[in-house]
Structures are given as structure tokens and as C-alpha cells.
Amino acid sequence: MTLMAGKNGLVTASGGGIGRASALAFAREGARVLVSDIDDDASRETVDMIRSAGGTAEYLAGDAAEESSAIALVDRVVELWGRLDFAHNNAGIGSPTKPVSEQEGSDWERAFRINLFGMMYAMKHQIRRFKEQKTPGAIVNTASIAAVSANAGLSPYNSSKWGVLGLTQTAATENAADGIRINAIMPGATLTAAIEKWAAEVPDQYAGVLDGIPMKRMGTPDEQANAAVWLCSEQASYITGVALPVDGGLVLRR
Ligand SMILES: NC(=O)c1ccc[n+]([C@@H]2O[C@H](COP(=O)([O-])OP(=O)(O)OC[C@H]3O[C@@H](n4cnc5c(N)ncnc54)[C@H](O)[C@@H]3O)[C@@H](O)[C@H]2O)c1
């Protein structure tokens with residue numbers, strides 16, 4: 001209940017899935033949270049959920065691909081609560097399944113804009129703010145287990161997520177001396193609403209996926225959120241540049 005007491009921050013793509021669970025978890029641990037997403041209604045629902053549980057949250061619409069949104073989010077946290085302490089850069093999209101020999105540049109551009117450029121813009125302005133404040137903040141980025149493995153047909157997604165690790169670790173190295181910690185979580189298969197729907201539609205495929213996971217189940221958004229909160233908390237004060245698999249052991253099967 002107090003891992004993040006008195007801290008202020010933001011979570012991108014927090015209208016649903018892992019981002020919503022993260023926003024709720026940061027708030028549960030005492031943080032004030034700026035929720036952001038392209039889906040207004042879903043984001044307002046996240047804010048309502050936090051407030052109903054006694055937490056503090058506000059919402060600012062934002063497309064995580066855009067630098068203007070990265071700037072606006074940092075400015076809004078500072079305007080609301082005076083200081084930025086943490087950020088969970090979580091927005092990410094998949095890509096159509098096609099072999100490299102049939103890939104379209106437009107699918108690559110879309111995946112890289114949101115998954116990698118957006119992450120860079122977010123960190124650029126968050127790190128600037130930490131330095132201006134002269135306070136050592138913490139950032140956690142959502143990568144994926146796809147950042148350390150190969151999934152046939154998903155080259156835009158996989159390549160951009162490999163990039164997220166390179167970006168996270170480079171930024172961690174650049175800012176470690178200032179006490180700014182930058183880490184990533186690497187979710188394995190996680191049971192969000194979209195995946196629940198897919199599982200109901202194709203139960204045989206779902207069972208096949210579960211069979212490939214050493215723990216024989218998918219993770220929950222809460223399990224991803226707990227890892228993100230912990231990495232931003234003082235409990236992880238000597239950890240930076242880490243890419244933490246939260247995957248039921250899936251990475252062991254690489
Ligand atoms: N769910 C999984 O199994 C899984 C596995 C590995 C990694 N991930 C990563 O976790 C992160 C969250 O995934 P999820 O499954 O919870 O997502 P999701 O598909 O459930 O979407 C969550 C939210 O993202 C928002 N969103 C989409 N594009 C956006 C944009 N450009 N700007 C702001 N918000 C946007 C949506 O409106 C939605 O509310 C992504 O980076 C994803 O790559 C997910």
C-alpha cells in the first residue's frame with residue numbers, strides 16, 4: 001500500500017490491458033497517476049476505478065506515437081502535482097502476420113512509430129524533466145518476450161521490441177550516474193480482454209499456447225503491473241538497465 005506513497009507519474013495506454021492494471025497498481029501503492037490513452041471512454045473508466053478505490057488519478061488523451069503527447073503528459077503531471085517521479089511507457093501494438101518476404105513498409109512504420117519512436121520521445125522528455133527537477137526518477141518500459149526471441153511472421157513487432165531493449169539499456173547507461181533508473185518488463189502471453197476473446201474463439205490454439213509455457217498458464221495484467229511498480233519503487237533502488245521477463249518461464253524455452 002505504500003511502495004509508491006507520495007510519488008507522481010504517468011502510465012501510457014492505460015485505458016485497458018496491462019496499462020490499466022499498472023495505473024491501478026501504482027495508485028494502490030499510494031502514487032498519483034496520470035492515465036493516458038487514445039481511447040477516452042476506456043481511460044475515464046480507469047480513472048473512475050482508481051478513484052473508487054480511494055486513489056488519485058487524472059486523465060490526458062494522448063497518442064503515444066507523438067512527441068507532442070510525450071511533452072504534454074510530463075507537463076500535465078508537473079502542473080497537477082508539482083513533480084514527475086515515475087513513468088510507465090507501456091503503449092505498444094502488434095503487426096499483421098506475414099513473412100519478411102511479404103512485409104509492407106507501412107506496417108513497419110506503424111509498429112516502429114508507436115513501439116519505438118514513441119518510447120524514445122517519452123523517455124526524452126521524462127529524463128529532461130528528472131534532470132531539471134534534480135530528482136532521480138524511475139522509468140519502466142513495456143517490451144515483450146518478443147524482444148529476445150523470434151516469432152515467425154511478426155518481424156515489425158519483434159524488431160521494434162528488440163529496439164525497445166536497446167533503447168532502454170542505452171538510456172539506462174546514459175543516466176545511471178544521475179540516479180535515474182530505467183528498466184523494462186518483458187511480458188510473456190498475458191490474459192488481457194483481447195486475448196480472452198481470442199482464447200474463447202480458438203480454444204485449441206489457446207491450449208497449444210498454454211502447453212508451451214513452463215507454468216502452463218498465461219500471466220495476468222496484474223502480474224505485469226506488479227513487476228512494473230516494483231521496478232519503479234525504492235525496493236529496486238540498485239537496479240537499472242534490466243529487462244525483466246514476466247513470462248511463466250517462457251524465455252527458458254528460447
Ligand atoms: N498482452 C500480451 O500478451 C503482451 C505480451 C507481451 C507484450 N505486451 C505489450 O504490453 C503492452 C500493453 O499490451 P496490452 O496487451 O495490455 O494492450 P492492449 O492491446 O490491451 O491495449 C491497451 C491500450 O492501448 C491503447 N493504445 C493503443 N494504441 C495506442 C497509442 N498509440 N497511444 C496510446 N494508447 C494506445 C488502447 O486504446 C488500449 O486501451 C504493449 O506494449 C504490448 O506490446 C503485451
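Chat about a predicted model and its ligand

Me: I'm new here. What kind of model is this?
Reply: This is a predicted model.

Me: Let's start with the ligand. Which residues come nearest to the ligand?
Reply: I18, D37, N90, Y157 and T190 do. They belong to a group of 26 residues around the ligand.

Me: How does that shell divide into nonpolar, polar and charged?
Reply: There are 11 nonpolar, 11 polar and 4 charged residues.

Me: What does the side chain of Y157 do there?
Reply: An N or O atom in the side chain of Y157 is 2.8 Å from an oxygen atom of the ligand.

Me: And which backbone atoms lie by an oxygen atom of the ligand?
Reply: I18 has a backbone N or O atom 2.7 Å from a ligand oxygen. For G92, a backbone N or O atom lies 3.3 Å from an oxygen atom of the ligand.

Me: How much of the ligand does the protein bury?
Reply: The protein buries 82% of the area. Taken alone, the ligand exposes 830 Å².

Me: Which elements give two or more residues to the shell?
Reply: Those are α1 and α5, the latter covering 155-175.

Me: Back to N90. Where is N90 in the chain?
Reply: N90 sits in the loop between β4 (86-89) and α4 (105-133).

Me: Is N90 buried or exposed?
Reply: N90 is buried, because its relative accessibility is 9% and the cut-off for buried is under 20%.

Me: What does N90 touch, leaving aside its neighbours within four places in sequence?
Reply: N90 is in contact with T12, A13, I18, G19 and T142. With T142 there is a polar contact, side chain to side chain, at 2.8 Å.

Me: How far is N90 from N141?
Reply: Their C-alpha atoms are separated by 5.8 Å. Along the chain, N90 and N141 are 51 residues apart.

Me: New topic. How many salt bridges are there?
Reply: The count comes to 11 salt bridges.

Me: Give me one. What does R20 pair with?
Reply: R20 forms a salt bridge with E45. The closest N and O atoms are 3.4 Å apart.

Me: Which residue does R51 bridge to?
Reply: R51 forms a salt bridge with E58, with the closest N and O atoms 3.4 Å apart. R51 is partly exposed, at 43% relative accessibility. E58 counts as partly exposed too, at 28%.

Me: What about E201 and K197?
Reply: Their side chains meet in a salt bridge, 3.3 Å from N to O. Both residues lie in helix α6 (residues 193-201). They are 4 residues apart, about one turn of the helix.

Me: Are E201 and K197 buried or exposed?
Reply: E201 is exposed, and K197 is too.

Me: Last one. Where is N175, and is N175 buried or exposed?
Reply: N175 lies in helix α5. N175 is buried, with a relative accessible area of 2%.

Me: What is N175 in contact with, leaving aside its neighbours within four places in sequence?
Reply: The contacts are I127, K131, I180 and I182. The side chains of N175 and K131 make a polar contact at 3.0 Å.

Definitions and conventions. Residues numbered from 1 in each chain as written. Predicted model: local features only at pLDDT ≥ 70, side-chain atom pairs only at ≥ 80, totals over all residues. Heavy atoms only, no water. Salt bridge = Lys/Arg side-chain N within 4 Å of Asp/Glu carboxyl O. Buried < 20%, exposed > 50% of the residue type's maximum accessible area, 1.4 Å probe, protein only. Near = heavy atom within 4 Å. Polar contact = N/O pair within 3.5 Å; in protein donor to acceptor, adjacent residues only side chain to side chain. Areas by Shrake-Rupley, 256 points an atom, 1.4 Å probe, with all protein chains shown as cover. Nonpolar A, V, L, I, M, F, W, Y, C, P; charged D, E, K, R; others polar. Contact = heavy atoms within 4.5 Å.
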